[in-house]
Amino acid sequence: MIALFTISYIFSLRRMLSGSERLMHHLSESMDRDPSFLLSSVRCLSLPPATRDLVSEAIIKYCGKKKNTVFGVVVAANQLVTLVRMKKYYIHPADLHLLFNLINATESFKSSETWIPICLPKFDSSGFLHAHVSYISEDVCLVLVTVDRNAFSELSEARSKITEKLEKQNTFAAISSALSSGSYTCESIDLAEVRYFLYKSRSSAQYTAPEPAPCYQTPEDMKRLLSIFLSIQNRFHIASRPIKLCYRATSQELILAWSTQAFELFAVFAPTASKFAVLTAVNKLLKWAKKEEEKLFILTAPTF
């Protein structure tokens with residue numbers, strides 16, 4: 001008789017993850033409070049198209065001839081300023097989340113140029129790219145991603161030329177102005193009846209949102225609201241019987257959620273709002289988003 005034995009192995013990942021605790025902690029916290037993860041998108045800094053083009057053109061001019069540069073990403077206050085990509089290559093929002101998390105969780109980037117290997121799993125889960133990360137102004141971070149592990153010096157040189165060009169064009173002042181005035185309220189866009197909304201442009205995988213109403217100012221209130229959005233979104237994507245339009249009433253608010261091929265919308269109203277008032281406000285919101293879309297979103301990512 002042959003005796004069969006089953007041996008169980010417990011494999012601990014702690015040694016492999018050692019040193020990344022700060023990044024993991026920051027990422028897990030962000031997933032609870034940042035709508036980017038819910039929407040699988042990134043927030044784009046609202047900028048005049050001409051200003052955004054100046055940033056893109058500077059990256060293309062000084063990195064376009066460096067054949068191994070895959071992406072040029074500019075971030076300010078956790079918002080995307082521009083994204084330049086090599087032709088035929090795209091970066092998934094999940095990979096941008098990892099880049100944003102790396103920037104936000106690493107204070108040392110503000111004081112020096114950094115050369116760091118990074119895995120973008122949606123782009124290539126089997127290997128590493130290399131990223132040159134630096135702040136080119138107090139608020140603006142530039143990330144140049146390449147497949148060449150020996151490209152630090154030439155990307156550092158490109159970074160200096162990009163910075164010089166943008167300073168001459170007064171672009172940093174324009175970005176700082178956009179950051180200081182970029183947040184908006186529903187009242188400021190003539191939608192006082194709306195408490196809060198998330199609007200995602202599906203074509204660009206980017207979203208916009210106003211400052212929440214006073215009743216959602218605490219992290220706990222926003223976490224509760226985002227959990228409702230998530231439960232509705234699950235209905236959008238359920239395989240057995242997906243929905244496209246949802247009207248949900250709670251004791252504290254009314255929520256209209258709408259998913260189309262062009263956009264995804266979550267709009268929040270007072271619990272006493274009538275359906276007519278809700279639909280009227282949503283139509284106004286959609287018209288505003290269409291009118292402002294060139295400032296709110298990067299509709300076509302420039303290429304090297």
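The side chains of Ser259 and Arg202 are joined by a polar contact of 2.8 Å in this predicted model. Ser259 belongs to strand β10, which covers residues 254-259. Its relative accessibility is 5%, so Ser259 counts as buried. Setting aside residues up to four places away in sequence, Ser259 touches Phe236, Lys244 and Glu264 as well as Arg202.

Strand β10 also contains Leu254. Leu254 counts as buried because its relative accessibility is 5%. Leaving aside neighbours within four places in sequence, the contacts of Leu254 include Tyr247, Arg248 and Ala249, and also Ala267, Val268, Phe269, Ala270, Pro271 and Ala273. Thr272 is 18 residues from Leu254 in sequence, and their C-alpha atoms are 8.0 Å apart in space.

Phe236, one of the residues that Ser259 touches, is among the buried residues of helix α9. Seen down the axis of α9, the buried residues fall within an arc of 155 degrees, so they line one face of the helix. An α-helix has 3.6 residues a turn, so residues three or four places apart point the same way.

The next topic is the nonpolar interior. In soluble globular proteins, nonpolar side chains tend to be buried together. Here the largest nonpolar core has 25 residues, and Val73, Leu99 and Val143 are those with the most contacts inside it. At least two residues of this core come from each of β2 (69-76), β3 (79-85), α5 (93-104), β5 (129-135) and β6 (140-146). Helix α5 gives the most, with five residues. Leu99 touches Val73 and Val143, along with Ile91, Ile118 and Leu120, when residues up to four places away in sequence are not counted. There is also a second, separate core of 23 residues, which includes Cys63, Val74, Ala76 and Leu144.

How many disulfides does the structure hold? It holds zero. For Cys186, the closest cysteine sulfur is that of Cys215, and at 10 Å it is too far for a bond. Cys186 has a relative accessible area of 2% and is therefore buried. Cys246 is likewise in no disulfide; the nearest cysteine sulfur, again in Cys215, is 19 Å away. With a relative accessible area of 11%, Cys246 is buried.

Phi of Asn170 is near 60 degrees, a positive value in a residue other than glycine. Asn170 is found in the loop between α7 (152-168) and α8 (171-181). Is Asn170 buried or exposed? Its relative accessibility is 53%, so Asn170 counts as exposed. Asp190 is in the loop that runs between α8 and β7 (194-201). Phi of Asp190 is near 65 degrees, again a positive value in a residue other than glycine. Asp190 has a relative accessibility of 55% and therefore counts as exposed.

How values were computed
Residues are numbered from 1 along each chain as its sequence is written. This is a predicted model: local features need pLDDT of at least 70, side-chain atom pairs count only at pLDDT 80 or more; totals for chains, interfaces and linings use all residues. Side-chain values use heavy atoms; hydrogens and water are left out. Helices (H or I, at least four residues) and strands (E, at least two) are DSSP runs, numbered from the N terminus. Buried means under 20% relative accessible area, exposed over 50%, partly exposed in between (1.4 Å probe, protein chains only). A polar contact is a pair of N or O atoms within 3.5 Å; within protein, one must be able to donate a hydrogen and the other to accept it, and residues adjacent in sequence count only if both atoms are side-chain atoms. Contact means heavy atoms within 4.5 Å. The arc is that of the directions from the helix axis to the C-beta atoms. A nonpolar core is a set of buried Ala, Val, Leu, Ile, Met, Phe, Trp, Tyr and Cys residues joined through side-chain atoms within 4.5 Å. A disulfide is a pair of cysteine sulfur atoms within 2.5 Å.
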